[in-house]
Amino acid sequence: MKIKRQKQAKKTISFYKFNFDFREPFQILIDGTFCQAALKNQIQIKEQMPKYLMGEVQLCTTSCALKELESLKQLYGAKIILQKFQVRRCQHFKNPVPASECLLSMLQETNPHHYFVATQDHTVTAGLKKIPGVPLLYIILNTIVLDKPSQSSLDHVQAVQLGELVSPAQQQSIRSLKQEQGISLKDGERRGKKRKRKQSNPNPLSCLKKKKKGGPTLPLKKTEQGEKRKRSRHKKRKTEGGDNMSAPPLTNP
């Protein structure tokens with residue numbers, strides 16, 4: 001029976017890890033009713049909870065749950081146990097409310113802090129089953145039991161798979177991308193305002209007409225250094241008497 005219960009718990013934890021992004025250390029939100037049941041059944045919460053959930057845990061409670069036990073003197077033992085856990089700050093610090101109301105307010109609408117809830121209170125149990133992604137722990141037959149996923153959790157997962165909703169992991173990735181791009185919303189406005197571009201006059205150089213390109217010009221021939229100049233030949237002209245007379249040599253300018 002113990003092995004079967006352990007397998008069922010492992011399957012349920014994997015469901016919440018995959019679909020609702022639960023990670024270790026698991027945060028267990030505990031009230032006075034759970035501590036009273038643990039005391040009655042001689043269950044060591046700090047020792048048995050990590051073994052049952054197969055991972056590290058953080059046991060915590062709220063100030064409203066502690067103050068509720070302070071008013072009930074017959075639950076003194078449960079108060080001693082609950083005082084050993086971390087106290088998470090709630091919204092009712094100045095005006096305490098019943099523990100059942102306080103625990104449900106900590107979960108909000110989507111359980112953003114990924115709390116497990118350990119309680120024996122039927123009011124809390126009925127309320128958290130309406131919130132998707134909330135694992136429920138309770139004590140029965142001297143053992144801690146992790147309840148199966150509620151119908152609201154199953155419906156939420158099905159809606160995400162059909163593309164009707166966005167999973168919490170996807171919402172977190174969207175927020176991080178928005179923060180990186182600087183487009184995250186704050187008080188209904190964007191952090192950075194868009195600057196209006198001023199109208200500028202056109203570039204005067206771009207308005208000039210393009211010059212027509214002429215035909216290709218032949219490059220001038222240059223005499224290379226070391227090239228020998230051609231010798232000019234002197235032609236002889238004949239005189240009337242038949243004597244050959246040489247023409248005056250040409251001189252270079």
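Before the structure itself, one term: a salt bridge here is a side-chain nitrogen of Lys or Arg within 4 Å of a carboxyl oxygen of Asp or Glu. Please also keep in mind that this is a predicted model.

With that term in hand, how many salt bridges does a search of the whole structure find? It finds two. One is between the side chains of Asp21 and Arg23, with an N to O distance of 3.3 Å. Asp21 counts as partly exposed because its relative accessibility is 27%. Arg23, at 51%, counts as exposed.

The other salt bridge joins the side chains of Lys129 and Asp147, at 3.9 Å from N to O. This pair links distant parts of the chain, 18 residues apart. Lys129 sits in the loop between α7 (122–128) and β5 (136–140), and Asp147 in the loop between β6 and α8 (151–161). Is Asp147 buried or exposed? With a relative accessible area of 19%, Asp147 is buried. Lys129 is partly exposed, since its relative accessible area is 40%.

Now the chain as a whole. It has nine helices and ten strands. Of its 253 residues, 32% are buried. Among contacts with a separation of 6 or more, 60% are between residues 24 or more positions apart.

Next, the sheet. Six strands make an open sheet, and their order is β3-β2-β1-β4-β5-β6, with mixed pairing. Which strands are at the edges? They are β3 (86–88) and β6 (143–146), each of which pairs on one side only. From one strand to the next, the twist averages 35 degrees. Helix α1, residues 2–20, packs on this sheet and touches β1 and β6. The direction of α1 makes about 40 degrees with that of β6.

Going through some of the pairings, β2 (residues 57–62) runs parallel to β3, with three bridges between them. Thr62 has Arg88 in β3 as its bridge partner. On to β1, which pairs with β2 in the parallel sense over four bridges. There, Gln27 stands opposite Gln58 in β2. β1 also pairs with β4 (residues 115–118), again in the parallel sense and over four bridges. In that pairing, Ile28 has Phe116 of β4 as its bridge partner.

How covered is β1? Five of its five residues are buried. Phe26, Ile28 and Ile30 lie on one side, Gln27 and Leu29 on the other, and both faces are covered.

Staying with β4, I want to look at Tyr115, which is in that strand. Tyr115 counts as buried because its relative accessibility is 4%. Setting aside neighbours within four places in sequence, Tyr115 is in contact with residues including Gln27, Leu29, Cys60, Met106 and Pro135. Cys60 is 55 residues from Tyr115 in sequence, yet the two are 9.7 Å apart in space, C-alpha to C-alpha. Arg88, which we met as the bridge partner of Thr62, is also in contact with Tyr115. The side chains of Tyr115 and Arg88 are joined by a polar contact of 3.4 Å.

Asp31 is buried and has no salt bridge. How far away is the nearest side chain of opposite charge? That side chain is Lys129, and it is 14 Å away. Lys129 is the residue that meets Asp147 in a salt bridge.

What does the side chain of Asp31 reach? It reaches the backbone nitrogen of Phe34, at 3.2 Å. Not counting residues up to four places away in sequence, Asp31 touches Leu82, Leu103, Ala118, Thr119, Gln120 and Asp121.

Phe34 brings us to α2, where Phe34 is buried, along with Gly32, Cys35, Ala37 and Ala38. In general, an α-helix has 3.6 residues a turn, so residues three or four places apart point the same way. Just after α2, Gln42 takes a positive phi of about 55 degrees.

That is the tour. I will take questions now.

Terms used: Residues are numbered from 1 along each chain as its sequence is written. This is a predicted model: local features need pLDDT of at least 70, side-chain atom pairs count only at pLDDT 80 or more; totals for chains, interfaces and linings use all residues. Side-chain values use heavy atoms; hydrogens and water are left out. Buried means under 20% relative accessible area, exposed over 50%, partly exposed in between (1.4 Å probe, protein chains only). Lys and Arg count as positive and Asp and Glu as negative; His and the chain ends are not counted. A polar contact is a pair of N or O atoms within 3.5 Å; within protein, one must be able to donate a hydrogen and the other to accept it, and residues adjacent in sequence count only if both atoms are side-chain atoms. Contact means heavy atoms within 4.5 Å. Two strands pair if DSSP finds at least two bridges between them. Helices (H or I, at least four residues) and strands (E, at least two) are DSSP runs, numbered from the N terminus. Axes are lines fitted to C-alpha atoms, for helices over the stretch in contact, and angles run from 0 to 180 degrees between N-to-C directions.
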